[in-house]
Amino acid sequence: MEVQPRRPHGRLIGVGVVLVVAWSLIGYRLTVVQGARADEFAAQGLDQRLQRLTIAADRGTIFDRDGRELAVTVDSISVYANPQEIANPVDVSRTLAPLVGREARDLLSALASDTEFVYLARQLDLSLADAIRQANLPGVYVLVEPKRVYPSGDLAAHVVGFVRPDDNEGLEGLEFFYDEALAGTPGSLLVERDPEGMAIPQGRHQIEPAEPGADLVLTIKSEIQFAAGEALAAAMERTGAAAGSIVVIDPATGAILAMVNLPSYDPNDRSAVPEEALRNRAVTDVFEPGSTQKVVTISGALETGLVTPATTFQIPKQIGILDTVFEDFTDHADVLSVTEIVTYSSNLGTILIGDQLGARRMHTYMSAFGQGTATGIDFPGEASGVLRDPADWCLTTCVASTSIGYRVSVTALQMAMVYATVANDGVWVQPHLVAEIVDATGVRVPFDFLQRRVLSVATAEEMRSMLQAVVEVGTGSLAAVPGYRVGGKTGTTEKYLEESQAYSEDEVVASFIGMAPIDDPRVVIAVVLDSPRTDATGGRGAAPVFSAVALAALHQLGVAPDAG
Amino acid sequence: MVARSYSLAYPVSGTRPFHVIIGPRTRQRRIGGWIGLAFTLAAVFFIMISTRVALDRNAFVLEDIRNQISVEEARYWELRLRVAELQSPARIADLAAEMGMVYPTRLVTIEVPGLGSPGPGVEDRWVELKMLLSAQP
């Protein structure tokens with residue numbers, strides 16, 4: 001029997017055709033996906049899975065000279081929300097309010113906003129993270145952020161400055177001046193995540209580590225800074241001064257051991273700090289130095305050989321130039337030596353010496369001491385003061401006024417540097433606040449500081465002897481330091497008011513600038529009180545502050561008392 | 001006459017006309033080979049999976065260690081901050097004041113003769129003094 005092969009059924013052919021077409025389409029698509037556009041689709045998929053995160057660089061720490069932290073960066077948490085994910089904002093705000101320390105109604109208004117991201121609290125303590133997470137609030141998230149903290153509070157607020165909380169960028173003080181070094185370089189993390197947002201263990205995990213910022217080691221000694229702050233606060237309470245500044249310098253190196261200004265502020269909480277409290281007055285504010293300027297005039301005269309400490313002058317009762325009458329405010333003999341002129345702070349004697357020195361030479365020495373020019377301290381916003389060119393000086397009262405510290409404006413730092421020059425045998429050394437920068441690898445960056453000779457050693461020694469006499473028998477007796485021989489000069493000037501372009505009738509600037517011990521000065525201390533109401537002279541208001549700060553500084557530096 | 005192929009000209013038989021008879025040993029060897037191959041493949045597959053699992057586990061461990069490092073670093077900085085706060089001169093001064101420690105109002109300087117240039121017997125006395133001090137609790 002013959003078996004006839006069956007003819008393919010039409011439907012079977014149709015199915016076959018459909019299958020062939022279907023497989024062809026699938027094959028085509030497969031070729032497109034896996035072949036022609038494989039790279040494009042792979043890239044799209046990878047892009048959906050990959051997440052690039054910026055790794056914030058650790059901001060460098062700021063230390064005092066003994067390695068004590070003045071500014072550190074720690075982890076903190078910030079709480080944010082996506083209001084679109086929150087069904088019941090009232091409940092969420094009530095639950096969250098006690099955890100983040102905010103009013104529920106404030107949170108509610110934030111949660112009711114028509115955005116997808118809103119901060120509810122910034123830079124909270126890290127320990128609160130667990131409590132907030134356990135509250136399990138939908139749409140509320142916790143983010144770890146770096147936070148700048150100043151553990152010593154207002155101790156060195158004006159020196160260290162502060163950063164902007166949002167991005168830790170330096171805004172004031174050394175935080176601003178050295179922001180680039182402190183900030184470091186941010187890194188990045190490329191991580192492959194699943195749809196749940198979890199990192200895929202074998203996925204791409206590529207880290208470009210952040211380069212931490214450099215640390216700053218300051219010249220500030222915290223104990224001296226604290227003692228200066230306490231002494232200044234006590235003096236302001238005693239005298240009713242509106243403000244005050246103290247600068248303590250190591251004259252041999254130009255290192256600032258302490259720099260205090262009042263009123264001050266706590267950089268950890270600046271919510272209610274008035275603008276004027278933020279200024280580092282010792283560097284940014286100028287005043288007319290008054291009698292403390294006599295050191296410049298007389299050392300210039302000594303250096304040029306016009307006078308010696310023993311040269312005597314017949315002191316008149318007063319000197320009148322046009323409408324201006326100059327007088328002395330201390331009782332003294334009619335004839336004074338140069339030493340006695342300094343000791344009793346004789347305006348008239350100094351004017352006579354200044355007259356011999358002349359405008360040009362006086363200007364030369366003032367410039368050499370750094371007046372009229374910023375010292376170049378590593379601090380932002382330093383004022384250069386005002387020192388007019390001698391060609392602009394009037395032919396009447398200008399020399400006389402300038403020789404006793406009027407018609408010239410200086411900062412407390414500039415005046416401290418004048419005395420530091422005398423203390424350092426006539427060599428001016430650029431003042432500085434940062435001793436060294438230590439980068440992330442531990443390499444210490446050295447600094448070179450400007451130096452220049454202003455006076456001869458002999459003139460500096462003679463000047464120190466005169467300053468010693470000021471404290472021992474002269475106007476600065478309240479600056480005496482038990483156990484040590486010290487020297488310095490008082491200064492009291494009428495306050496010049498910028499607004500009215502005139503001198504105040506009832507406000508003065510009282511100052512005392514001195515050095516200790518006088519035989520081998522280790523510290524130079526400038527004290528400036530702005531508008532004291534009682535004890536409103538350099539001798540009564542500022543000199544006792546010098547005494548207290550000098551004693552603390554000498555103890556802290558381990559300087560043995562003077563024998564005898 | 002229509003030409004037909006040989007295979008279509010005759011009915012298809014249920015059994016092949018010729019076939020190779022494989023002896024039981026040979027069959028066992030072949031089956032053994034297949035089984036061996038299967039086991040090998042299974043073993044390779046198992047090793048691959050195990051390796052993958054181990055790698056994943058290690059990745060998790062590494063991730064965990066990274067997290068621990070972050071936590072410990074945060075803790076380290078918290079402690080440094082705490083130390084700095086404890087060392088703050090203001091805090092120490094307050095504590096000292098509470099304990100009754102104040103700056104003396106009068107300072108007395110004691111001059112020790114021979115301190116600058118030790119005279120005869122100073123070293124011996126210093127040794128005695130050191131022994132005395134070291135015996136203190």
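Tutor: Let's start with a definition: two residues are in contact if their C-beta atoms, placed from the backbone, lie within 7 Å. This is a predicted model, where local features need pLDDT of at least 70, side-chain atom pairs count only at pLDDT 80 or more, and totals for chains, interfaces and linings use all residues. Residues are numbered from 1 along each chain as its sequence is written, while chains are lettered from A and ligands numbered from 1 in the order in which they are written.

Student: Which element gives the largest share of the side of chain A that touches chain B?

Tutor: Chain A brings 22 residues to the contact and chain B brings 21 residues. Helices (H or I, at least four residues) and strands (E, at least two) are DSSP runs, numbered from the N terminus. On chain A's side, β3 (69-81) and α9 (222-239) each supply at least two residues. The largest share, four residues, is from β3(A).

Student: How are α9(A) and α3(B) oriented to each other?

Tutor: Ser222(A), Glu223(A) and Phe226(A) of α9(A) meet Pro89(B), Ala90(B) and Ala93(B) of α3(B). Axes are lines fitted to C-alpha atoms, for helices over the stretch in contact, and angles run from 0 to 180 degrees between N-to-C directions. These helices pack at about 65°, with axes 10 Å apart. Angles of 65 to 115 degrees count as roughly perpendicular, so α9(A) and α3(B) are roughly perpendicular.

Student: Which residue in β9(A) does Leu189(A) stand opposite?

Tutor: Strands pair if DSSP finds at least two bridges between them. Four bridges join β8 (residues 187-192) of chain A to β9(A), and these strands run antiparallel. Opposite Leu189(A) stands Ile207(A).

How values were computed
Parallel < 35°, antiparallel > 145°, perpendicular 65-115°, else oblique.
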